[in-house]
Every structure is written in C-alpha cells, then in structure tokens.
Amino acid sequence: LAQVILARADFVCLSSFHGHVTIMGGGNAQKTAMARAKNQAKAAQAGRGGGGTAGKEKRVNNMDLKCTVCMQCFPSTQVKGAQAHVESKHPKSDFKTCFPMCAEAS
C-alpha cells in the first residue's frame, strides 16, 4: 500500500507506491525565469523611450496644431485627430479655416 508523508514546512511529498519513490518539490524556477524575462522585456521597452512617463514629454510637448475657432491644441502628430475635431465640433467650418498652419495636409 501507499505511504504518504507530508512535510508541511516546505511542501515536500514523499510517496512510496509499488517500490517507486516520488519527490515533489515546490520549486519556483519557472516562475522566476518568467518574471526575469518579463522584467528584461520591460527594461528594453523603457530604454527605447516609447511609452510611459519617459516618453510623455515627447508626446505632449509639441502642441503645434491649434484650432483658430475654439483654441484647442493638438500634437503635431495628430492631424487626423484635428480633422475629426473639425468635423465633430465645427461642422460649419472647414479644415483650412480651423487649422491654417496645416492646410496643405487636407
């Protein structure tokens, strides 16, 4: 028959069944490796300056597009957002009237 001994302190299970001894440990090697890989990927992403607080200065510092009707500012990379702004907020005006600084983009 099977003899089972549980050592509660470190979750080791020794079982003897038909002459076979199985030792089950509570190893965290896979968890540690996955956490290490995840942290390395996060560090590589942060090093590129893409997202997060490091890239925030680049994203919000260049508010070059300014609507002449309502004076709302947009980043220079958001021309499509400015076009959508004109269509939704100022349907009686056109894009050239609201944003004369990028009239050639329309």
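Tutor: Exposed means over 50% relative accessible area, and buried means under 20%. The model discussed here is predicted.

Student: Is K89 buried or exposed?
Tutor: K89 sits in helix α3. Its relative accessible area is 55%. The cut-off for exposed is over 50%, so K89 counts as exposed.

Student: How far apart are the C-alpha atoms of K89 and V69?
Tutor: Along the chain, K89 and V69 are 20 residues apart.

Student: Is H85 buried or exposed?
Tutor: H85 belongs to helix α3, residues 79-89. Its relative accessible area is 5%. Buried means under 20%, so H85 is buried.

Student: Which residues does H85 touch, not counting those up to four places away in sequence?
Tutor: Contact needs heavy atoms within 4.5 Å. Leaving out residues up to four places away in sequence, H85 touches C67, C70, Q72, F74, H90 and F99.

Student: How many aromatic pairs are there?
Tutor: Ring centres must lie within 6.5 Å to pair. By this rule the count is two.

Student: Why is the pair of F74 and F99 edge-to-face?
Tutor: The ring centres of F74 and F99 are 5.8 Å apart. Their planes stand at 65°. Planes over 60 degrees apart count as edge-to-face, so for F74 and F99 the deciding value is 65°.

Student: How many residues apart in sequence are the parts that this pair ties together?
Tutor: F74 lies in strand β5, residues 73-74. F99 lies in the segment after α4, whose residues are 95-98. The pair therefore ties together parts separated in sequence by 25 residues.

Student: What is the geometry class of the F95 and F99 pair, whose planes are at 35°?
Tutor: The centres of the F95 and F99 rings are 5.4 Å apart. Stacked needs planes under 30 degrees apart, and edge-to-face needs over 60. At 35°, the F95 and F99 pair is therefore tilted.

Student: Which residues form one aromatic cluster?
Tutor: F99 pairs with F74. F99 also pairs with F95. The cluster is F74, F95 and F99.

Student: What is the relative accessible area of F99?
Tutor: F74 and F99 are both buried. F95 counts as buried too, at 10%. For F99, the value is 0%.

Student: What pattern does the protein follow along the sequence?
Tutor: The secondary structure comes to four helices and five strands. Read along the sequence, the pattern is β-β-β-α-α-β-β-α-α.

Note on methods. Residues are numbered from 1 along each chain as its sequence is written. This is a predicted model: local features need pLDDT of at least 70, side-chain atom pairs count only at pLDDT 80 or more; totals for chains, interfaces and linings use all residues. Side-chain values use heavy atoms; hydrogens and water are left out. Rings of Phe, Tyr and Trp (its six-membered ring) pair if their centres lie within 6.5 Å; planes under 30 degrees apart count as stacked, over 60 as edge-to-face and the rest as tilted. Helices (H or I, at least four residues) and strands (E, at least two) are DSSP runs, numbered from the N terminus. Buried means under 20% relative accessible area, exposed over 50%, partly exposed in between (1.4 Å probe, protein chains only).
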